[in-house]
Amino acid sequence: MPAPSTVTVDDMVGLFQRILETDGVGPDSDFFDQGGDSLLATRVLSAVARQYDVELTFIQLIDAASPAALTKLIKNFPG
Amino acid sequence: MRIVVVGAGLAGLTAATDLAADGAEVTVLEARNRVGGRTRGVEVAPGQWADGGAAYLGHRHTELGSLIRRLGLATVATTMTGRSRFSFGDGPQSTDGRFPPLNATALGDLFDRLYELTAAVRPDAPWLTPDAARLDRQTAAGWLDGTGVHDDARRFFPLFLGEMMAADPADVSVLHMAFYLRSGGGIRYLNAFAGGAQAARVYGGAHQLCDLLAAKLGDRVRLAEPVRWIDQDGTGVSVRTDRAYHQADAVVVAVPPVLADAIEFDPVRPARRATAATGRGCAIKVQLVYPAPLWRDHGLSGWSVSADGPLQSTVDDSPPGGAGVLTGFVTGRQARTFARLDDKSRRAAVRAQIQRLFPGLPAPGRLVITDWLSEPYSRGCYAALFGPGDWLALGPRLTVPHGRVHWAGTETSTEFFGLMEGAIRSGHRAAQQVAAA
């Protein structure tokens, strides 16, 4: 399992695109503005937990809802 | 050509309308003294209606959308603004949006697995799905046990399945669950309000669809005439009701599978429409009526989810600018327990729960319960639940005519199975089959 410190913005852009089923995600795109909802949010969080062993909550994702912000959050885990 | 249509729900009336437009002489036989099938209007205030049955639609429901336009009806967007209420055993609490106070990663694990299942299913012919025999044998409850997901996901799963398909996990096969979720447009579409399958309702109530279709057919629709017997030979079909024999060249049976099996056929059919494993959709709807949508003043959306019940979820179904209506759903196992209570106990249980869940609201003025489990001419709602073995046994014959008898109803549509959209599509398909026969 890759260490949380190795996560990149591109990884998170890729993850958002896979879950949202769209190509239109940039580093600063807001997950919820791009069609993300509570159900899809759980899938982002389970993927992050699986890949980096980092368990985040809904509220943390709402506060860090772009690939760039989420990358920073994971890198600095547990913060 | 003379056609008898059995059942004046959306499927039957759609088929009858198509066939009448083609010049057929159509008779629609309906067992109840009303049309509408699993749609039903509830008048919450003078001239203001809510849906006691099927209610919601989304942009992918293209046949329903075109019917709404053709009938001159309008839609109203569902609203989901504000905080939600959740009760998972530690007392009710509010959260932003629809985020339940559960372990999000655990829920994600569950949804990841459900996505895998729905992606693998063959939506047009679920019985041909890879590994169909195994998926058809296992119940959704058994599948969940095998996943080893976190307790929070296990608590959430029956609520999710209850909401999506009015099923207890023990009642449906994994194949049926995966098919149902896929057929309805996928997990996310089926679950979503804005942009999803619950984006809108019919303004004034979905029951108007059948009322208006039936009005155009006029006295060709005969109420309170349950069909008992369908005989056929090389020359035609004879349909016997409690009141009369109706002669026809072909018949469209547009009732749920269990009710189709209650009709006697001569000659007998090579296969039945349901098995001992086929369950009834377990949904009871409760409308709580307030002078106005008062929860909005408290920053609440009206959306709630409760593990304790009897209402597993509530949603704001208020008619625009009118009364406040919270619609509560009792589904799955809760519905079976609730259906056994007498009316007084049901009301007391709902009122007590609503007081716990929404302590800031006054008691609702009216409370209207629509119990689909106890409806003899629906036998459940949203739709029949295909249990273990059902898809392999019943699937290949869903739309195969029995001589001059054709089949319609939402359970015969692999597209939007269980929804109004599926019913309408099945009606069009059956009419085409009859015309081509």
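This is a predicted model: local features need pLDDT of at least 70, side-chain atom pairs count only at pLDDT 80 or more; totals for chains, interfaces and linings use all residues.
**Entry: helix α9 of chain B**

I started with α9(B), which spans residues 207-217. Which of its residues are buried? I found B:His207, B:Leu209, B:Cys210, B:Leu213, B:Ala214 and B:Leu217 on that list. Looking down the axis of α9(B), I saw that these buried residues fall within an arc of 155°, so they line one face of the helix. A reminder to myself: an α-helix has 3.6 residues a turn, so residues three or four places apart point the same way. On the face turned away from the buried side I noted two exposed residues, B:Ala215 and B:Lys216. Just after the helix, B:Gly218 has a positive phi of about 60°.

**Entry: nonpolar cores**

Next I looked up the largest nonpolar core, and it has 86 residues. Which of them have the most contacts inside it? They are A:Val48, B:Leu114, B:Phe160 and B:Met177.

**Entry: a sheet in chain B**

Last, I followed 3 strands that form an open sheet in the order β5-β9-β6, with antiparallel pairing. The edge strands are β5 (56-57) and β6 (75-77), and each pairs on one side only. How many bridges join β6(B) to β9(B)? I got 3, with β9 covering residues 200-202. For B:Thr75, the bridge partner in β9(B) is B:Val202.

How values were computed
Residues are numbered from 1 along each chain as its sequence is written. Chains are lettered from A and ligands numbered from 1 in the order in which they are written. Side-chain values use heavy atoms; hydrogens and water are left out. Buried means under 20% relative accessible area, exposed over 50%, partly exposed in between (1.4 Å probe, protein chains only). Helices (H or I, at least four residues) and strands (E, at least two) are DSSP runs, numbered from the N terminus. The arc is that of the directions from the helix axis to the C-beta atoms. A nonpolar core is a set of buried Ala, Val, Leu, Ile, Met, Phe, Trp, Tyr and Cys residues joined through side-chain atoms within 4.5 Å. Two strands pair if DSSP finds at least two bridges between them.
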